[in-house]
Amino acid sequence: MNMKKRTFVLIALIGAVVGAAALGGSAYIMKATSSTEFCLSCHTMQIPQEEYESSIHFSNAKGIRAECADCHIPSEPLDYILTKIRATKDIYHEFVTGKIDSEEKYEKQRLAMAETVWGHMRKNDSAPCRSCHEFEAMDTYEQSENTVKMHEYGQDNNLTCIDCHKGVAHFAPVAELDSEAFENLLSHTETTPENAKEVYTVEGAEMGELGHINPVVHLEVIRANDNERQVKLSGFQMKGAEQVLYMGEGKRSIIATLSDKGQAALKVGKFITDEYGNEWRSADLTATIDAPVTASADPIWEYAEQLDNVYCSACHAKIPAGHFTVNAWGPVAKGMGDRTDISELDLEILTKYFQNHAKDMGGSAH
C-alpha cells in the first residue's frame, strides 16, 4: 500500500472515530438532558416540579410514573431533535432573562407557556399521551359512565387527548371572568318593562315566607307595581321531595326551594308514576318578588356562554349543551366546577344554561 492510500485510510479511520465519538457523545448528551433530574435542576422548574409531584402521573395505585420526557419529548427522531432545540430557550431564560424566576412572574407566563405546549400536542395528535394511553386498550367497565361518554365523544369529533386533559400533571391557567360581564348582565334588568308578561330571575328571588326561587327561572307575571311583581311559578314536585320544585317531570333541575307555607300554598295536579317508579305532579305557586329580572333569557344565555368559554373551554374542548340530558348535566357541571374557582352563582347560571339546552330539551349535540 503506497503512502497516499495509507494516509487516506488513516484520515478515514480518524474521521470515523471522531464521528462515532461525536454521535455517541451527542446521543449521551441528548439522553442526559432529557432526564427528569436534569429538567428539575433549574430553579425555574420548582413550581412545575411541585405540581408534577402532586399529580397522578407521579404517584398512583399502579406504581407507574410518567417522567418529564415521557410527556414533553416526542419519540419520533425529527420531532425529538426539534424539541431539544426549542428547549434551549429554557436555559436562556433560566440564566439570562429570569423571565419566570419568581412565583409572580411564573403565573404571568403560565397561560402563554401552556398554550405553547398545547399547540405542540395538537400538532402531533398528543403522541406522548398515546405512547401509554390508547382507546383500544381501555377497559370501559372500569370507567365511569360519563368518562365512557366523553371518550366516545372525543373519538366521534376527532379530538386529541390534550383537548380535554390540559391539567393532568400541571395546574391549568387560572380562569376568571371579568366582573364587567356580570355587571353588563345586570344592566339588562334595569330596562325590563313593568308590563312584561314573562321574566327570568338572574340571581334568584326571595318569596317572603314561601321560599326561594333559584337563578335563571322563568316566571309568568300576573301584575307589577314599581319594583314588585306578583308572579306565577310553574314546575313539578317529586313525591318524597315536596320541599323543592323541578323544571319538568323527571327533569331534576331545581327551580325553587319551598318552606312549609310555600308547600301549603301550591296548586297541584295528580301524581303520575314515571318509568323509574318515581311519582311526579305539576305544581304552581303565586308569590310576590322584588328581585332584578330580565324580560328575555337571551342576555343570561350570552353570559353563560362567556362562562363556558372561560371556565370550561379553557381546560378542554367545548362540549355542546345537547350532548347530555338535563339530569346528567347537574353532576357533570358540579364535578367540573369543583376544579375551578367559579362562584356558586356563576356555576348555577352555567348549569341552568346547559340544562335548558340539554339533549332532552331539544338541544343539539353538535
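**Close-up views of a predicted model**

View 1. Across the whole structure, a search finds 0 disulfides, a disulfide being a pair of cysteine sulfur atoms within 2.5 Å. Cys161 is in no disulfide, and the nearest cysteine sulfur, that of Cys129, is 4.6 Å away. For Cys164, the closest cysteine sulfur is in Cys161, at 9.0 Å, which is too far for a bond. Cys161 counts as buried at 19% relative accessibility, whereas Cys164 counts as partly exposed at 29%. Here buried means under 20% relative accessible area, exposed means over 50%, and partly exposed lies in between (1.4 Å probe, protein chains only). This is a predicted model, in which local features need pLDDT of at least 70 and side-chain atom pairs count only at pLDDT 80 or more, while totals for chains, interfaces and linings use all residues. Residues are numbered from 1 along each chain as its sequence is written, and side-chain values use heavy atoms, with hydrogens and water left out.

**View 2. The salt bridge between Glu51 and Arg110.** The search of the whole structure finds 12 salt bridges, each defined as a side-chain nitrogen of Lys or Arg within 4 Å of a carboxyl oxygen of Asp or Glu. In one of them Glu51 pairs with Arg110, and their closest N and O atoms are 2.6 Å apart. This pair links distant parts of the chain, with Glu51 in helix 3 (residues 46–53) and Arg110 in helix 7 (residues 103–123), 59 residues apart. Helices (H or I, at least four residues) and strands (E, at least two) are DSSP runs, numbered from the N terminus. Glu51 is buried at 5% relative accessibility, and Arg110 is buried at 7%. A network of salt bridges links Glu51, Glu107 and Arg110.

View 3. Lys89 and Asp90 meet through their side chains in a salt bridge (3.6 Å, N to O). Asp90 is partly exposed, at 41% relative accessible area, and Lys89 is partly exposed at 42%. Lys105 forms a salt bridge with Asp101, with 3.0 Å between the closest N and O atoms. Lys105 has a relative accessible area of 35% and is partly exposed; Asp101, at 34%, is also partly exposed.

**View 4. A nonpolar surface patch.** Phe38, Ile91, Tyr92, Phe95 and Val96 form this patch, with about 540 Å² of accessible area together. Patches are made of residues with over 30% relative accessible area and no salt bridge; like charges are joined within 9 Å, and nonpolar side chains (Val, Leu, Ile, Met, Phe, Trp, Tyr) within 5 Å. Accessible areas come from the Shrake-Rupley method with a 1.4 Å probe, and for residues only the protein chains shown count as cover. Helix 6 (residues 88–97) gives the largest share of the nonpolar patch, 4 residues. Val96 is found in helix 6 and is exposed, with a relative accessible area of 56%.

View 5. Glu194, Asp226, Glu228 and Asp290 gather in a patch of negative charge on the surface. Lys and Arg count as positive and Asp and Glu as negative, while His and the chain ends are not counted. The place of a charge is taken as NZ of Lys, CZ of Arg, CG of Asp or CD of Glu. Asp226 lies in the loop between strand 4 (218–225) and strand 5 (228–238) and is exposed, at 58% relative accessible area. Glu220 is found in strand 4 and counts as partly exposed at 41% relative accessibility. From C-alpha to C-alpha, Glu220 and Lys197 are 6.1 Å apart in space, and 23 residues apart in sequence.
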